[in-house]
Amino acid sequence: MSTATATARQTTPILKYTHLDNRDIQRIVVNIIVLLIIGAYVQLQNGYFFTSANLWSLFTQIAVVAMIACPQSLVMTSGSIDISIGGVVALTGVVAGLLFVHGWPLWLCFVVAVLVGALMGLLNSALILLLGIPSFITTIGTLYASQGIANILTNGLPVSAVPPSFSTIGTAQFFSAKIPVQVFYTIGVLLIFMGVQRYTNLGRYAVATGSNRRGAFANGVPVRRTIILCFILCGATAGWGGVAYGARIGTPVPVVDPDILFQVIVACVVGGTALTGGRGSVFGAFTGAMLIATVNDCLDLLGVSTYWQYVALGALLVVAVGADTAVRGVHKTAGGHRFRFPDISQTS
Amino acid sequence: MNDPSEHPVLTDGEAQSHVANSPPSETNASIPFALEARDVSKHFGGVAALSSANFALANGEVHAIVGDNGAGKSTLLKIIAGAHRPDSGDILINGEKVLIPNPRAAQNLGVTTVFQDLGLVDDLDAAANLFLGRELYHRPPLSWLGVLNNKAMRAIAKQHISRLNVSISSIDQLLGTMSGGQRQAIAVCRAIAFGTRVIIMDEPTAALGVRETAAVLDVIRRLHDNGLAVAMVSHSLSDVFAVAQRLTILRNGRTIRTTNVCDVTLEEIVRLMTAGVANAPS
């Protein structure tokens, strides 16, 4: 337009169009490439990875994690973390199961579960804002509380005598390709939160709140409302995930599955979300979840024991975060700014 | 524009009598000051940070506030910005007394302060920072969902940034990847993007390199060219001589001199700041 663009560094159109000079997007691309390489390797080994049966089962296994990772990355972007999701998944699964046993219609059980999840999110954010306790501690408290309530509701036992029709919202399949309903849940949640992050004020305010809370507040950003909304959305999605998970198992259990809780956080971090706030990508968190699922699935297909899968998950987390920190640390000494990949369009 | 009866300002003997050695102002007597602080005092506990300080910013001028450490520069700035309430004294905008209880009120009155820490968000790009807290939305019903009109915001941000001739590589560049001078310029863009008439800058060139300083001074000149009034607190007298038309010297919480920059020498300013008198003891 004028001097501002005249002095602008020229970027090759493909990089500009795909935003490949953005390091969050580079992270996502790396995730997808690693995922495909692992998959291709296993495909060559036993020819089973790229089959619809395997891919749908992989997707179903990770659905609850991938769903909750989307709003969790928003919460982490805003500078908080929601540990209570594990408890909310257990609580809402149990609530939906109990209500269905009592004869409530399936859709209403689903709605109530989502509302219970949202309420837990509201409780989390209220405690954080009113008492000023760090979210990490607050949500550990509500994690235990919600697991306790789930146990009280069921006397510590799995919800018994759930009619088999309850499972339909967890195991239904659609079309001739037999696409599991969990795929639709995951894609639906993913699209909702990608939209929220990219196109709404909440997505922008989450970044502002997590990056510079005081500055954002001074500039008129509703910091408190942002935190409350992020937690409500995270809780509601955990409620949705709780029903989907409980229905897939058939009998909701009042026990926190530590795999769900930690895999959600690992997915976010592997997807480029900063634990310190300010940076995060919903789609990145989704690719992180898919990467976890692929690693687990491939180790299964190769006949590696489950215990080694935990080692692999741990290694994945440490490598992903370690690479990020190392790269940023190196650059900090060079000039104090964020790391940027070399501009390959400048090569002479 | 205004009713002449509303203008008690420059000709008002009371207002001027407190400004020691005030030279006859170049401004037309019928035009009130864009911003004026009269007899402003502020105590913190037993410490008098300001005692009857006066400051008058004319329309369209760049006015520097100088003084040694502890002279009361920051306190005066914070009172004008609405961060502190004065114990006594008045703030006038265009000749009318105003109350500035908080920074938002100052902005609504057309006075924006660019503090040293800038209040910018490193993880957002230039356009997002320009509109932070005042985003543009799509028309309803999309606006009810909080859907932002990114296209419009980017277009307007581009205009403002090119108006100040800020060189950034792209409107999508994150603030965290920008240099100190670029960030300062974005903070100024943010102020003028919302119809501000008066910009107060707190040490705009502190901690900047030579080239960065030159860029920020260039931004201040452009603000001046665009007809805005700029008040800058500065430790750097060379910057003051480079861009300011007038300067006010504070010492121990009092205004000891308001003068045209071309009427004083560097040595006189230093002596006024440190000893309170212009002439060297003979």
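In chain B, 66% of the contacts between residues at least 6 apart in sequence join residues at least 24 apart; two residues are in contact if their C-beta atoms, placed from the backbone, lie within 7 Å. This is a predicted model, in which local features need pLDDT of at least 70 and side-chain atom pairs count only at pLDDT 80 or more, while totals for chains, interfaces and linings use all residues. Residues are numbered from 1 along each chain as its sequence is written, and chains are lettered from A and ligands numbered from 1 in the order in which they are written.

**Chain B overall**

- Chain B contains nine helices and 10 strands; helices (H or I, at least four residues) and strands (E, at least two) are DSSP runs, numbered from the N terminus.
- Of its 282 residues, 47% count as buried. A residue is buried if 20 or more other C-beta atoms lie within 10 Å of its own, exposed if 12 or fewer, and partly exposed in between, with C-beta atoms placed from the backbone.

- An open sheet of chain B is formed by four strands in the order β2-β1-β4-β5, with antiparallel pairing; two strands pair if DSSP finds at least two bridges between them.
- Its edge strands, each pairing on one side only, are β2 (47-57) and β5 (96-98) of chain B.
- From one strand to the next, the twist averages 30 degrees.
- Seven antiparallel bridges link β1 (residues 35-44) of chain B with β2(B), and F44(B) stands opposite V47(B) in β2(B).
- Helix α2 (residues 73-81) of chain B lies across β1, β2 and β4 (88-93) of chain B and runs at about 115 degrees to β1(B). Axes are lines fitted to C-alpha atoms, for helices over the stretch in contact, and angles run from 0 to 180 degrees between N-to-C directions.

**Helix α7**

- Helix α7 (residues 210-225) of chain B has 16 residues and reaches 23 Å from its first C-alpha to its last, close to the expected 22 Å; the expected span is 1.5 Å times one less than the number of residues.
- Its buried residues are T213(B), A215(B), V216(B), L217(B), V219(B), I220(B) and L223(B).
- The buried residues of α7(B) pack against β3 (62-67), α6 (180-192), β7 (198-202), β8 (229-233) and α8 (237-243) of chain B.
- Just after α7(B), G227(B) has a positive phi of about 85 degrees.

**Contact with chain A**

- The contact takes 28 residues from chain B and 27 residues from chain A.
- On the side of chain B that touches chain A, α3 (103-108) and α5 (150-163) of chain B are the elements that give two or more residues, and α5(B) gives the most, with three residues.
- The residues of that side of chain B divide into 12 nonpolar, 10 polar and six charged. Ala, Val, Leu, Ile, Met, Phe, Trp, Tyr, Cys and Pro count as nonpolar, Asp, Glu, Lys and Arg as charged, and the others, Gly among them, as polar.

**Backbone details**

- Most residues other than glycine have a negative phi, and most peptide bonds are trans.
- D39(B), in strand β1 of chain B, has a positive phi near 50 degrees. D39(B) is partly exposed, with 17 other C-beta atoms within 10 Å.
- N252(B) is found in the loop between β9 (246-251) and β10 (254-260) of chain B, and has a positive phi of about 50 degrees although it is not a glycine. N252(B) is partly exposed, with 15 other C-beta atoms within 10 Å.
- P140(B) and P141(B) are joined by a cis peptide bond with omega of about 5 degrees; P141(B) lies in the loop between α4 (126-130) and α5 of chain B.
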